[in-house]
Structures are given as structure tokens and as C-alpha cells.
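Reader: I am new to this structure. Could you show it to me and walk me through the terms used to describe it?

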Number of protein chains: 2
Amino acid sequence: MGVAMKRRPSSEVTAAWIRLMRIRSRVLDAVELELKKAGFPPLAWYDALLELSRAPSGEMRPVELERQMLIPQYSTSRLIERLVDEGLAARRECKIDKRGQFVEITEAGRELQKKMWSAYSAAIEKHVGSKLSDADAVRLCGLLDRLVCSCDEAQAPVARDGAPTR
Amino acid sequence: MGVAMKRRPSSEVTAAWIRLMRIRSRVLDAVELELKKAGFPPLAWYDALLELSRAPSGEMRPVELERQMLIPQYSTSRLIERLVDEGLAARRECKIDKRGQFVEITEAGRELQKKMWSAYSAAIEKHVGSKLSDADAVRLCGLLDRLVCSCDEAQAPVARDGAPTR
DNA sequence: TCAAGATTGATGCAGCTGCATTTATTGGGC
DNA sequence: GCCCAATAAATGCAGCTGCATCAATCTTGA
């Protein structure tokens, strides 16, 4: 293979890129604004609480959470710190590996997750669902999924009682 | 109309939402990483330089730039400050309105914009163009555009020698 | 067994963002 | 002309992010 990629993107591709950047911002801003107006914490908290609530006994290793959420290690560390400070999660000792720990969601954490999902899902319906038929949503998914093929080995099948964000 | 939206998003819509959030992050991260590895400043700088370079005589009012880029006022103010510090733009007095000013792109700024577009467009082609046919890109645009109808009155027709990001 | 390297999680620092406020100037109504 | 609201831009502060690094512990291999 040569050193440089000389092909330039077509105007169609460039337009798609611009839309992807712009529209995601608009929609996310709109959704986050609604959650904020309702007095809820940032979406990242929701994502973490959702992951924890789905874990077998409501607890996970930080490393595991980090891999699920696809965010950097220090970011996970500080997110957990905030959740613990707010009483939404608690640290548990990890007996099998003394470097590590377990993080367990609290009852308050589970309640917040559910309340947030109520507002969050309403916002998704308002800003996405009401503008796209299910068939179009499927098409959009398909097109977007093609953009990550052969690069990541993502996971996240679907959501039952909540949707992870990032 | 009633107070609350009771409809919940379908699983198709939720899946589309998740993809939109996730995949945009992946693709943007990949593109930004390439620019960073090539030693370029953040994409926001590119966007500003592109806007300035397209303006009639290479100069704009900060307010105008703000409206074009759809970023908050303070953000524009500080972005301009950094561009000026780096010699990529210069402040000009605004005689007709002494509250305001003009910001003019410098020759160095124009050169940087062009060099960045070279790397940037290669990255778009690599991470988007190579994975989507032009027809699919058009379909993706169409689906995304529906998400902002009746809310924003966006602009940005197409790009000739560069693509704005946000 | 023990040293070298890998892994887990925390943290100091610099830079960026949002929010609120401040300063300067303009324009409109009376 | 004068006062007051609106607009243009800057900035202090708090919080968040990324980067680099650290300390503690685990694992591996000679």
C-alpha cells in the first residue's frame, strides 16, 4: 500500500459528515437540556447507573465499567467518585484482587436511574421518535453501523429499560 | 396540549439514538486523532478559519462568526483570542460600531486552513467515504436532516474546499 | 524466589467549557 | 437631550477533561 490516501471525499460524503456532526450536537443538546431543566445530573451518570443496575448483583469492577462505557480510565475513576459522593453507588472491597474494588449501585441509584429514564425516554421520543418512522430508524441504524465496521468491535445489542448514551 | 408526553420511544428509535451518539463519537475521535497526530490544532480552529477565509474580505464580526458556528458567545471570544495569539487572525477596529470589532484571517491562517483541509479531508474519506457509497451518504443526510426540521433553521449548504464541523 | 513488567485505580496540572457578570456602546421612546 | 433596555465583547470562577504520572498489587519467567 502507498503511504498517502490521495482520494478526497465526494461532496455527498462531506455533506453526510457535516450532518453527522451537526445534528448529533443539536439533538443531544436538546435532550440534555430537558434533563437539566428537570433537575437531573448529566447523562454520563445515567449511563453508569444503567450499567451498574444491569450487572449481576448490581456491582462491577471499575475496569469493567470503563470497558462497557468506552470512556478513559481517569474518567471512570472520577465518575465513580461523584456517584459515591452523592450516595448513588458504594465502594466494596475486592478480596480477590487487592488493587481493585467493586462498585455497587445503591437503592437511591436505582431509583434515580429509573426516574431519569422516564425523562430521558420522553426526550428521545420527542426529538427522535416523533420525527422518524420505525422503518427509517432501522435504516438510519444500518447506515450508521457501517461507519464502524472493521475498526471497533463494539457491543451493546439493544436496550430493554434504558439506553446507554455514548 | 397536555402537560406530559406519555409515548415512549420504540426499540428501533432507541437503537437509532444509541447509534447516533456512539458512532459520531467513534468517527469524530478517529478523525481528530489523525489531525492531532499530524500536529494540527483542534477542529474548532479549522472551522473558524474556514468561516473567516470564506468571508468577503477575510474578515467578520465576532457576532457573525458566532452565528455561523453556532457556538456560545464566550466560546467565540476565547477562540478568537487563541487565533490572534497564534498569529492566525488579527483584530481590526470597527468604525461603525465601537462596541464591536472585525477579525481578519492572516496569510498564516489561510495556509493553516488549507493544510488542515488536506489532512481533514483525507480523514473524512478514510473514516466515512470509504465505508459509504455516495447514494448511501445521500440517504444518511436525508435521514439526519429530518431530525432537525421544525426546531432549528440551520444553514450550511455544502462545502467547496472545506467542511465545517459542528 | 525474585526482579521486571503489566494492571488497577487515583491524582496533580493545564486547558477548556458553561454560567454569570461586567464594561462599553448603541438605539429607541418620551 | 436623557434615560433605559438591548447588544457586543470580555472575564472571573467553578467544574470537567485529557495527559502524564504515581502507588499498590499482581503475574510472569528465568
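**DNA, partner chain and core**

Author: Welcome! Helix α4(A) provides the largest share of the surface near DNA strand C, five residues. This is a predicted model, in which local features need pLDDT of at least 70 and side-chain atom pairs count only at pLDDT 80 or more, while totals for chains, interfaces and linings use all residues. Residues are numbered from 1 along each chain as its sequence is written, and chains are lettered from A and ligands numbered from 1 in the order in which they are written.

Reader: Which residues are closest to DNA strand D?

Author: They are A:Lys98, B:Val63, B:Tyr74, B:Ser77 and B:Gly100, out of 19 residues that surround DNA strand D. Here α4(B) gives the largest share of the surface, five residues.

Reader: How do you know that chains A and B are in contact?

Author: Two residues are in contact if their C-beta atoms, placed from the backbone, lie within 7 Å. By that rule, 54 residues of chain A are in contact with 55 residues of chain B. Helix α1(A) gives the most to the side of chain A that touches chain B, with 18 residues.

Reader: How many residues on that side of chain A are nonpolar?

Author: There are 30 nonpolar, alongside seven polar and 17 charged. Ala, Val, Leu, Ile, Met, Phe, Trp, Tyr, Cys and Pro count as nonpolar, Asp, Glu, Lys and Arg as charged, and the others, Gly among them, as polar.

Reader: What makes a group of residues a "nonpolar core"?

Author: It is a set of buried Ala, Val, Leu, Ile, Met, Phe, Trp, Tyr and Cys residues joined through C-beta atoms within 7 Å. A residue is buried if 20 or more other C-beta atoms, placed from the backbone, lie within 10 Å of its own. The largest core has 82 residues, and A:Ala16, A:Leu49, B:Ala16 and B:Leu49 touch the most other members.

Technical notes:
Near = placed C-beta within 6 Å. Helix = DSSP H or I, 4+ residues; strand = E, 2+ residues; numbered from the N terminus. Buried ≥ 20, exposed ≤ 12 C-beta atoms within 10 Å, placed from the backbone.
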